[in-house]
Amino acid sequence: MRNSRSKLSTGRIEQGFQSSKLPYSDGQARGEAQRCLYCHDAPCTKACPAGVDVPGFIRKITTGNIKGAARTIFRANVLGYSCGCVCPVEALCVGACLLKLAPAPPVEIGRLQRYATERFVGTPAGAYLLLATGVKRTGRKVALVGAGPASLACASHLVSCGHEAVIFEKRDLPGGLNLYGIAPDKLHADDALREAEWVLASGVELRTGVEVGKDVSCERLLEEYDAVFLGVGLGRDSRLGIPGEDGPGVHGAVETIEKLKLDPAFRLEGLFRASSSTCGPGGAAEAMQICDMAGAVVIGGGNTATDIARELACLGVRGVTILYRRTEKERPGYAHELRAARLAGVRFVENTVPVRVLRERGDAAVGDGRGAVGMAGDAGRESGGTVAEKVGPLKGLLVANAEKAKPVAGTECEFPARAVFVAIGQAGMPELLSRLPGVESDSSGCVRIDEKTGRTGNPRIFAGGDCVNGGREVVNAVAEGKRAALAIDEMLR
Amino acid sequence: MAELSIDFAGIRSPNPFWLASGPPTNTGAQVVRAFEMGWGGAVWKTIGEPVVNVSSRLGGLDEGERKMVGLTNIELISDRPIETNFREIEEVKKRFPDRAVIASLMFGSREQWQAMVRRSEDAGADGLELNFGCPHGMCERGMGSAVGQEPGVLREITLWVKEVAKIPVLVKLTPNITDIVEPAVAAVEAGADGLVLINTVRSLVGVDLDRLVPIPSVAGRGSPGGYSGPAVKPIALRMVCDLARDERIKVPISGLGGVTTWRDAAEFIALGSTSVQVCTAVMHHGYRIIEDMIDGLSNYLDDKGVSSVQDLVGRAAGCVTDWGELDLNYKVRADIDPDTCIGCQLCYVSCRDGGHGAIHLPGEPLPSGHVAPHYSTVSEKADSPGPDSGSRGKRDRGTRQTDSEKSASPAPDSSLRVPWVDQTECVGCNLCSLICPVPGCVRMVEIQ
């Protein structure tokens, strides 16, 4: 497992981020664990999508049985380590902690879960905790599409039931959004990768660089495998769909976070419009461009918007503003995340919607170009003046007051920006889904499933994770992967 | 300000807090530092034929994050020359004439005992403490607890001492005996002027699970030691009280065993101790704890309108009786306050598995003929008193919730989790009130 570190180059921007919740020492963990009341019928466990026996594992920490604590966690959640780091515990287990009524600070369950699991992830001793012993092989085969948290959890459970699980991943590395989408102050990519490879080592086969629907047809999957699990996520960032969107300076949030986390060649300065006076060539320009890391506008009210805004602010971008089309109360993102973003200097503006991207020259209806926003942005940057000549560098946004998320005519005004980050959700995978017979999706592009089993309209195809829930937490993906695994196992018996 | 000074069988002390014989009273320099900080007296580390001590000597018992709730030791008496000890006693007594300095002695023959009694008096000691309690090492040589466990021998040695002693003679007893009153009566009959208890409890504090050797270990082997610290306090309190309640014992008692705070001291005094002695707490925290002990006891006496520490002595001992004298008609029942209950349901689990099955979860039916609680007496806010109501005990959490942001902090809601007590099944054992994490939430209410 150690060699997995070498798969990611150093020099990635995310490496500069430190966890905001530092790991516990043994003594700290024991002390915190002893604060747990060990409630009967514990509300924290009920609040955990994966159903981790929280008081059970915490009790084991107090007795020094860390291996037992880890096993309790992994049995319910194979990604228990990363969930310990990234779960919005304030809204889940910790939020339900009855100590809050005592009143006393709630038990820091996430940190304790990280403490209990961290030492085992990626180690032979830890692999022993995951491996199911004495399981009869069934000879049944399940294909899983996408190597994100949902598929990893589903595959791991299928293997422990004796089935063969093969994951098809179009990228080079397993992990999905856990690898390239988690805010770097919560989890670094190398740790996510280490965990994913460790889960796979429990007996899951991984085929990377294989895109289902392109490199291997959906029909062949259904022919060769007894069941198929879709854990494909939601794909690229959604587009704003307003004039001027295509061109330099407008970036997808998910795509940008991925670059911060994985691309050692990525330079944040390149996303910002350079000042006209600093358009000189060579090193001087780069030095001057650092001064241009100001005036970032993030569009969206979810957690991805808060994540990218906070990361930009932490990386030294001055003047980061989130624009949201509804009120702060209505935003779907977590309040504690917005609070942290504000502490980092982010400004939140509610009831505001962009209606046009303003550009220095050629500010016009060139905005209906093809491709994702991020690609257009890249093209603008990399090809230097050529695209910029056509489209013109970013000047800002024309924004309007919003009422019920719709712009109010006559309220438009200019909002200057040197970079715009679009975090209004992801586009979904309509092309792939359309090739799967019987699989339907709803109006927002999410796969329709049976709530109890995760089964799609095709009885042999199951789904879970973001492609079903529209983008929720890692722990939700794990829970949905497990749910499908149980149903698949039942079907294949 | 309450009067804290005491007169213990003629030994005067500005406060009832004495350092017990042990490592904190090993040298003159230590006792001087203790007296400078305010300790009222010190019983010197037991003087005898100098011994060679082992390494290591101590083993601790931790409870959760709390270190050393119990301490076991296999250290013997003083390993310093007899003359050095007496010379330092003399120096300390000269420097602190108002403090009680007591020489603890442990010898074999009558001649030795009597010679050392005289030597102690020459050094200016205010009293003598005969160590008949040490439960390890010395007892194998026929001394310490070997004497304390044989009332006949104890009586004889006490008589030897009393033949020559001009200063008060205190006998220190071992708890490693079936009936503490027997050796105490023997001591009093032999003329002892005061009793000191308890010495340490013979114990084996633990096993090192990596090496599979006892704790503490000496070159891979261990030996039972003497247990002290907060864990032994209940044993000590009982034994002090046994003596205080016995009419044959008319001499003052110096109580020790787990005294760590002024509260512990007040309990010992209330059960019959005139002075209290401290050793393990000082080994743990240092002499400095005396400041709060004096301050806390003084404030307590003032708050309770007790004018002197002497007036507190034995005040609770009279309430301790034989079990057979307890009132079988007296009844209490548990009553859970739904306003403060946080819904952890620990009382439910305890009563179900380790009690009498009298506590039920919301929604569980009340057996016919049984009595449900009358919550109206506890809370006006309780919605409906019936145990079958799911919303029983529900109340507005809004006032207590400081962080009510919607998704960031979902408020835990205990209103549907408040257990209730079947008043017919409850035997009034106290268990639920003992394990409840919320102070005052489970009350034990007297039933008329």
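User: What separation do you get between the centres of domain 1 of chain B and domain 2 of chain B?

Analyst: Taken over C-alpha atoms, the two centres are 45 Å apart. Keep in mind that this is a predicted model.

User: And which residues belong to domain 1 and domain 2 of chain B?

Analyst: Domain 1 runs over 6–319, while domain 2 is made of two pieces, 328–401 and 409–448. The C-alpha atoms of chain B fill a box of roughly 80 × 50 × 40 Å along the principal axes. Chain B has 13 helices and 20 strands, and 46% of its 448 residues count as buried.

User: Let's pick one helix. How do you know that the length of helix α5 of chain B agrees with what it should span?

Analyst: Helix α5 covers residues 151–164, which makes 14 residues. At 1.5 Å a residue they should span 20 Å, and the end C-alpha atoms are 21 Å apart, so the two agree.

User: Why is Glu156(B) called partly exposed?

Analyst: Glu156(B) is found in that helix, α5 of chain B. A buried residue needs 20 or more other C-beta atoms within 10 Å, and an exposed one has 12 or fewer. Glu156(B) has 14 such neighbours, so it lands in between and counts as partly exposed. By the way, its C-alpha atom is 9.4 Å from that of Arg110(B), although the pair is 46 residues apart along the chain.

User: Which residues of α5(B) are buried, then?

Analyst: Pro151(B), Leu154(B), Arg155(B), Ile157(B), Thr158(B) and Val161(B) are. Their cover includes helices α3 (110–123), α4 (145–148) and α6 (181–189), along with strands β8 (127–131) and β9 (169–172), from chain B.

User: What makes β6 and β14 of chain B a pair of strands?

Analyst: For two strands to pair, at least two bridges are needed between them. Strand β6 (residues 66–73) and strand β14 (residues 225–228) have three bridges, so they pass, and they run in the antiparallel sense. Leu71(B) stands opposite Ser228(B) of β14(B).

User: How many bridges link β11 and β14 of chain B?

Analyst: Three bridges, and the sense is antiparallel, with β11 covering residues 201–203. In this pairing, Arg202(B) has Gly226(B) of β14(B) as its bridge partner.

User: Over to chain A. Why is Val420(A) called buried?

Analyst: The cut-off is 20 or more other C-beta atoms within 10 Å. Val420(A) has 27, so it is buried. Its place is in strand β13 (residues 419–422) of chain A.

User: What does Val420(A) touch?

Analyst: Leaving out residues up to four places away in sequence, it touches Gly249(A), Val250(A), His251(A), Val297(A), Ile299(A), Val357(A), Leu394(A) and Leu397(A). Pro55(A), by contrast, is 365 residues away along the chain, and its C-alpha atom is 44 Å from that of Val420(A).

User: Which residues have the most contacts inside the largest nonpolar core?

Analyst: Val420(A) is one of them, along with Cys93(A), Phe229(A), Val298(A) and Ala309(A), in a core of 173 residues. Helix α21 (residues 474–492) of chain A gives the largest share, nine residues. A second, separate core has 93 residues, including Trp39(B), Val196(B), Val259(B) and Ala281(B).

User: And what are some of the neighbours of Phe229(A)?

Analyst: Beyond four places in sequence, they include Val142(A), Leu144(A), Cys154(A), Phe462(A) and Ile488(A).

User: What is buried in helix α4 of chain A?

Analyst: In this helix, residues 66–76, the buried ones are Ala69(A), Ala70(A), Arg71(A), Thr72(A), Ile73(A), Phe74(A) and Ala76(A). Helices α3 (54–62), α5 (80–86), α7 (109–118) and α8 (124–130) of chain A are among what covers them.

User: How many domains does chain A have, and which residues do they take?

Analyst: Domain 1 is 2–128, domain 2 is 136–170 + 209–235 + 428–492, and domain 3 is 250–422. Between domain 1 and domain 3, 11 residues on one side are in contact with 11 on the other. On the domain 1 side, five are nonpolar, three polar and three charged.

User: Last one: how many residues do the two chains bring to their contact?

Analyst: Chain B brings 20 residues and chain A brings 21. The chain B side divides into 10 nonpolar, six polar and four charged residues.

Note on methods. Residues numbered from 1 in each chain as written. Chains lettered and ligands numbered in written order. Predicted model: local features only at pLDDT ≥ 70, side-chain atom pairs only at ≥ 80, totals over all residues. Core = buried A, V, L, I, M, F, W, Y, C linked by C-beta atoms within 7 Å. Helix = DSSP H or I, 4+ residues; strand = E, 2+ residues; numbered from the N terminus. Contact = placed C-beta atoms within 7 Å. Nonpolar A, V, L, I, M, F, W, Y, C, P; charged D, E, K, R; others polar. Expected span 1.5 Å × (residues − 1). Domains from an automatic or database assignment.
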